[in-house]
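Have a look at the structure first, then read on.

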Amino acid sequence: MFGSLKEKLNNTISKLSDKIYTKGEAKAVEEQNIKETPEKIIEENKTNLENSEKDLKEINTESFEKKEKIGFFDKLAVTKSIKKVLGKDVILTEDDIEDVLEEMEMELFEADVAFDVVEKIIESLKNQLVGLKISAKDDPEEITINALKKSIKGILSQEKIDVFNLIDEKKANGEPAVLLFVGINGTGKTTSISKLAYILKEKGYSAVMAAGDTFRAGAIEQLEEHGKNTGIKVIKHQKGADSAAVIYDAISHAKAKGLNVVLADTAGRQTTNINLMDEIKKVVRVTKPDLIIFVGDSLAGNDAISQAEEFNNAININGAILTKTDADAKGGAALSIAYSIGKPILFMGVGQRYSDLQEFDVDWMIKKLFSEESTKLSSERQF
Ligand SMILES: Nc1nc2c(ncn2[C@@H]2O[C@H](COP(=O)(O)OP(=O)(O)OP(=O)(O)O)[C@@H](O)[C@H]2O)c(=O)[nH]1
Ligand SMILES: [Mg+2]
């Protein structure tokens, strides 16, 4: 997940740190680290020693000398490491880091990060680093990591929508929350609806799914299958029926039964298809959804962003779900989409199990981009 973006950010961090070390005439200093050996290891050593004593006795070694088993110094582990320390204070100028930032610009474009997002990250890095006084007690790597994290947090921090809060608020008014899912073909709308249905059920909410894709062959049956798997009722009409009417029926059903959420599926459509765009506009007019959620495929990179912009212009979306991030090595769309369209990411699809829908959180994303551990994703499939 996001491996290539992670690597490129790491490159920038080490190149910027190198610039600081070079300008600050860094020297290598040997550091001694004294660490107390944990009790558990001391216990293990004791047992090993005792066992080896027993072994020795068993082979009748007469001259075996019993010694103090664990001495004072065994409790301390001394390790040495080489650390770079600045020889003099550094104040970075724009010239000092210009070439690293230019390289970063190219690398981020390669990872499908949107143009305005790249520009914004560079501007933020310059604002933080140029003119900053860095002295011997500072850690250049820590300074650059923190600067980059701050730039990226700025990009990701769009106004948040808490979907579960919204559902609670509607519930308190005795109304179902209506969530409409839109996007181009095959991005993962139906799958994301089913994942959300599963998660809502786990959280104790009641939901109904509306088979609003009356266009594609097999779409109604696909949603019914998910309905069976998740135990959530599906409201459907015939193929070719009016999508707005199906979703309207599902809302009436939810109201009559006191259900908390209506999850409305719609057909995949290209924004150039005037008939289908008119259809979705009608769905919005008739059903008045509480949230219009654009579902984009993270593997589509910059295209996912332009699709989101086009849907936003046509029907004013509230937020986005980005799917298939488990298979996305680049990460550019995930980093860029919220900033580019000015709407938050609500969830991310992270695999092919019903539980593989991650509520989007800036800190979660920062951890994915900067933590050293590689993300272990399940390859298990439930659909
Ligand atoms: N690996 C992975 N696959 C996903 C994810 N979300 C969806 N998929 C897969 O993407 C494919 C398309 O998913 P659908 O939910 O049918 O997409 P759709 O947008 O409803 O498609 P249309 O109705 O044809 O427009 C399926 O094979 C899903 O299993 C995800 O988060 N990770
Ligand atoms: Mg579908």
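Is Asp-297 buried or exposed? Asp-297 is buried, because its relative accessible area is 13% (buried means under 20% relative accessible area, exposed over 50%, with a 1.4 Å probe and protein chains only).

A word on the ground rules: this is a predicted model, where local features need pLDDT of at least 70, side-chain atom pairs count only at pLDDT 80 or more, and totals for chains, interfaces and linings use all residues. Residues are numbered from 1 along each chain as its sequence is written, chains are lettered from A and ligands numbered from 1 in the order in which they are written, and side-chain values use heavy atoms, leaving out hydrogens and water.

Asp-297 sits in strand S9 (residues 291–297); strands are DSSP runs of E, at least two residues, and helices are runs of H or I, at least four, numbered from the N terminus. Beyond its neighbours within four places in sequence, Asp-297 touches residues including Thr-187 and Lys-324 (contact means heavy atoms within 4.5 Å).

Now for helix H10 (residues 274–287). Its buried residues are Leu-276, Met-277, Ile-280, Val-283, Val-284 and Thr-287. Strand S9 is among the elements covering them, as is helix H11 (302–315). On the other side of H10, Ile-274, Asn-275 and Arg-285 are exposed.

| Side chain | Backbone nitrogen | Distance |
|---|---|---|
| Asp-297 (polar atom) | Leu-299 | 2.7 Å |
| Asn-273 (oxygen) | Asn-275 | 3.3 Å |

Just after H10, Lys-288 takes a positive phi of about 40 degrees.

Note on methods:
Polar contact = N/O pair within 3.5 Å; in protein donor to acceptor, adjacent residues only side chain to side chain.
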